[in-house]
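Please look over the sequence and the model first.

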There are 2 protein chains.
Amino acid sequence: MITTDTKILIVGLGLIGGSYARVLSKKGYRVCAIDTNPDSIDYALGQGLIEDGKTGPDPALCGAADLVVFALYPTTMIDWIRQNQHLFHPGTLLTDVAGVKCGVLEVIQEFLRPDLEFIGSHPMAGREVYGVRNSDESIFKIANFIVTPTEKNTPQGIAAARELGQLLDFHTIVELDPATHDEMIGFVSQLTHAIAVSLMTCNDDQNLQDYTGDSFRDLTRIARINEKMWSELFLLNREVLIRQIDSFTAELGRMREMLQRQDRPALEEMFRHSTRRRALFDR
Amino acid sequence: MITTDTKILIVGLGLIGGSYARVLSKKGYRVCAIDTNPDSIDYALGQGLIEDGKTGPDPALCGAADLVVFALYPTTMIDWIRQNQHLFHPGTLLTDVAGVKCGVLEVIQEFLRPDLEFIGSHPMAGREVYGVRNSDESIFKIANFIVTPTEKNTPQGIAAARELGQLLDFHTIVELDPATHDEMIGFVSQLTHAIAVSLMTCNDDQNLQDYTGDSFRDLTRIARINEKMWSELFLLNREVLIRQIDSFTAELGRMREMLQRQDRPALEEMFRHSTRRRALFDR
């Protein structure tokens with residue numbers, strides 16, 4: 001159980017790590033942080049988001065932590081844990097915020113000390129801005145928090161991850177196995193970003209912005225993309241994403257054939273199907 | 001020049017025709033309308049959007065009109081003009097609101113009486129709702145109005161179409177030749193709708209809506225689509241749209257190859273290009 005005595009350590013004070021710190025410290029929990037950027041630590045200390053902070057894997061901070069949240073890029077997190085896991089006391093619970101799970105959990109749970117537990121979490125919140133200075137407690141209130149247990153996790157570890165999602169005021173907390181999570185994310189998040197980027201880069205006409213309406217702006221909002229983070233997420237989940245790209249491309253190709261054979265009834269049926277299906281996603 | 005003596009006839013009182021009537025009558029212009037739906041005419045008369053209205057090609061209304069705006073689906077408009085152009089007095093200026101131009105203008109300007117003029121217009125405004133009851137004068141204020149002259153048009157006809165766009169309070173009024181218009185629309189509007197629909201229909205998982213974030217909702221907002229209108233627009237511009245689908249699919253395929261060969265530098269460069277290019281479209 002997470003109590004006000006629990007020592008929470010956040011490694012990586014970006015938008016998500018910073019927003020975790022903001023909500024938890026406001027609610028009276030004890031939060032410390034590690035971030036390589038001294039400016040992020042100074043800002044978080046000055047704003048009262050954390051009670052202590054260091055720019056490296058400080059033995060005292062790590063040794064005191066009961067719950068550690070890694071809000072780093074996946075490959076950075078894997079390296080960090082590999083190099084510094086000896087600093088944690090037995091029983092420390094580790095969790096993360098990564099947007100893909102299989103490629104992360106398989107690796108970490110394989111090399112993790114047996115007296116530590118790593119439970120996967122994915123806060124489905126994000127914005128087109130970055131850094132602790134943009135941290136915002138309100139981004140979680142409409143978002144899903146997904147816990148992804150494996151056979152390496154304990155009921156206590158899973159319960160603590162769910163509890164963390166509740167403390168952070170997520171709208172919904174659900175459990176999915178890592179493979180189902182990655183399949184779903186490959187469609188609703190990664191495929192949409194792949195489409196937005198390709199739409200943005202497939203036409204270099206410099207005059208298009210003069211004629212662009214809301215449709216094009218909506219479809220390309222997420223084409224402003226953090227290249228380091230998304231290339232990691234794409235590559236870690238590349239088999240799923242390639243399959244999703246193929247399924248989408250086949251469907252677009254089906255529409256192309258309808259156009260070529262001027263099959264108006266088929267087009268109309270596809271549009272009706274689309275309209276019916278989209279109605280399920282209204283809120 | 002359009003004056004308060006100009007008799008304006010709107011054929012088709014849907015969202016766009018109704019919004020034209022709303023703005024113009026509010027500004028003191030004389031607006032009549034024809035729509036096959038008596039309820040639309042009654043509503044428009046009751047709301048003061050028009051001073052007279054009929055449910056068919058009334059000879060008196062048509063014979064009195066100086067400026068006629070066709071706010072019908074393209075093929076319906078073509079048939080309507082072919083059957084009823086004899087009702088107009090010499091010198092009447094006709095215009096439209098259709099989202100594609102080449103396939104419409106070529107046909108109409110070919111059979112049109114030589115003492116009439118048809119000038120193409122495309123108000124780039126629309127919403128996911130339909131009908132005169134949803135008409136709204138504010139939808140034009142942020143939108144482009146595109147006039148598409150051909151060699152069959154007179155300077156006076158072109159000027160009157162531009163003036164109409166100004167009276168309707170469009171944000172920007174521009175001229176494009178019909179082929180350039182259709183090429184641009186094939187990309188910014190039709191390709192985006194083709195993508196949204198295909199994304200919506202390529203995956204029938206019934207549980208996706210539980211995990212859907214803003215990215216997916218943004219990309220599929222326009223997947224609720226009027227199947228009659230959009231199948232017409234797609235088919236009238238099918239050669240351009242097929243070319244745009246091919247160019248987009250090739251770009252998405254390029255990304256797929258980067259994933260397959262795990263080429264992180266290439267992915268990062270594509271994301272940077274996308275981010276730079278998207279910045280041009282902010283407003």
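Two residues are in contact when heavy atoms of theirs lie within 4.5 Å. The model is predicted.

## The surroundings of B:Y73

B:Y73 sits in the loop between β4 and α4 of chain B. With neighbours within four places in sequence left aside, B:Y73 is in contact with B:N226, B:K228, B:M229 and B:E232. The side chains of B:Y73 and B:N226 are joined by a polar contact of 2.9 Å.

## How the two chains are related

Chain A is superposed on chain B by a rotation of 180 degrees with 0.0 Å of shift along the axis, and the RMSD is 0.0 Å. The two copies are therefore related as by a two-fold rotation axis. Which residue of chain A comes closest to the rotation axis? That residue is A:L219, with its C-alpha at 2.4 Å.

Of the interface residues of chain A, 98% are also interface residues in chain B, so the copies meet through the same surface.

## The sheet of chain A

In chain A, eight strands form an open sheet with mixed pairing, in the order β3-β2-β1-β4-β5-β6-β7-β8. Its edge strands are β3 (52-54) and β8 (172-175) of chain A, each of which pairs on one side only. From one strand to the next, the twist averages 20 degrees. Strand β1 (residues 7-11) and strand β2 (residues 30-34) of chain A pair in the parallel sense over five bridges, and A:I8 stands opposite A:V31 in β2(A).

Two helices that pack on this sheet can be described next. Helix α4(A) touches β1, β2, β4 (67-70), β5 (93-96) and β6 (117-123) of chain A, and its direction makes about 145 degrees with that of β4(A). Helix α7(A) touches β6 and β7 (144-148) of chain A, with its direction at about 140 degrees to that of β7(A).

## The sheet of chain B

The open sheet of chain B is formed by eight strands in the order β3-β2-β1-β4-β5-β6-β7-β8, and its pairing is mixed. At its edges are β3 (52-54) and β8 of chain B, and each pairs on one side only. On average, neighbouring strands of this sheet are turned by 20 degrees against each other, direction ignored. Strand β2 (residues 30-34) of chain B pairs with β3(B) in the parallel sense over three bridges. B:A33 has B:G53 in β3(B) as its bridge partner.

Helix α4 (residues 74-84) of chain B packs on the sheet, where it touches β1 (7-11), β2, β4 (67-70), β5 (93-96) and β6 (117-123) of chain B. The direction of α4(B) makes about 145 degrees with that of β4(B). Helix α7(B) lies across β6 and β7 of chain B and runs at about 140 degrees to β7(B).

## Helix α9 of chain A

Seven of the 10 residues of helix α9 (residues 227-236) of chain A are buried, so the helix is largely enclosed by the rest of the structure. The buried residues of α9(A) are A:E227, A:W230, A:S231, A:E232, A:L233, A:F234 and A:L235.

What covers these buried residues of α9(A)? The cover includes α4 (74-84), α7 (178-201) and α10 (238-260) of chain A, together with α10 (238-260) and α11 (264-279) of chain B. At the start of α9(A), a side-chain oxygen of A:N226 reaches to within 3.1 Å of the backbone nitrogen of A:K228.

## Aromatic pairs

Over all chains, the structure holds 19 aromatic pairs. One of them joins A:F216 and B:F187, whose ring centres are 5.4 Å apart and whose planes are at 50 degrees, so the pair is tilted. The pair crosses between chains, from helix α8 (residues 214-220) of chain A to helix α7 (residues 178-201) of chain B. A:F216 is buried, with a relative accessible area of 1%, and B:F187 is buried with a relative accessible area of 1%.

The rings of B:F145 and B:F170 also form a tilted pair, with centres 4.9 Å apart and planes at 50 degrees. B:F145 lies in strand β7 (residues 144-148) of chain B and B:F170 in the loop between α6 (155-167) and β8 (172-175) of chain B, so the pair ties together parts that are 25 residues apart in sequence. B:F145 is buried at 0% relative accessible area, and B:F170 is buried at 7%. In chain A, one aromatic cluster is formed by A:Y20, A:F140, A:F145 and A:F170.

Key
Residues numbered from 1 in each chain as written. Chains lettered and ligands numbered in written order. Predicted model: local features only at pLDDT ≥ 70, side-chain atom pairs only at ≥ 80, totals over all residues. Heavy atoms only, no water. Least-squares fit on C-alpha atoms with pLDDT ≥ 70 in both. Phe/Tyr/Trp six-rings, centres within 6.5 Å; stacked < 30°, edge-to-face > 60°. Helix = DSSP H or I, 4+ residues; strand = E, 2+ residues; numbered from the N terminus. Buried < 20%, exposed > 50% of the residue type's maximum accessible area, 1.4 Å probe, protein only. Polar contact = N/O pair within 3.5 Å; in protein donor to acceptor, adjacent residues only side chain to side chain. Pairing = 2+ DSSP bridges. Axes fitted to C-alpha atoms, helices over the stretch in contact; angles between N-to-C directions.
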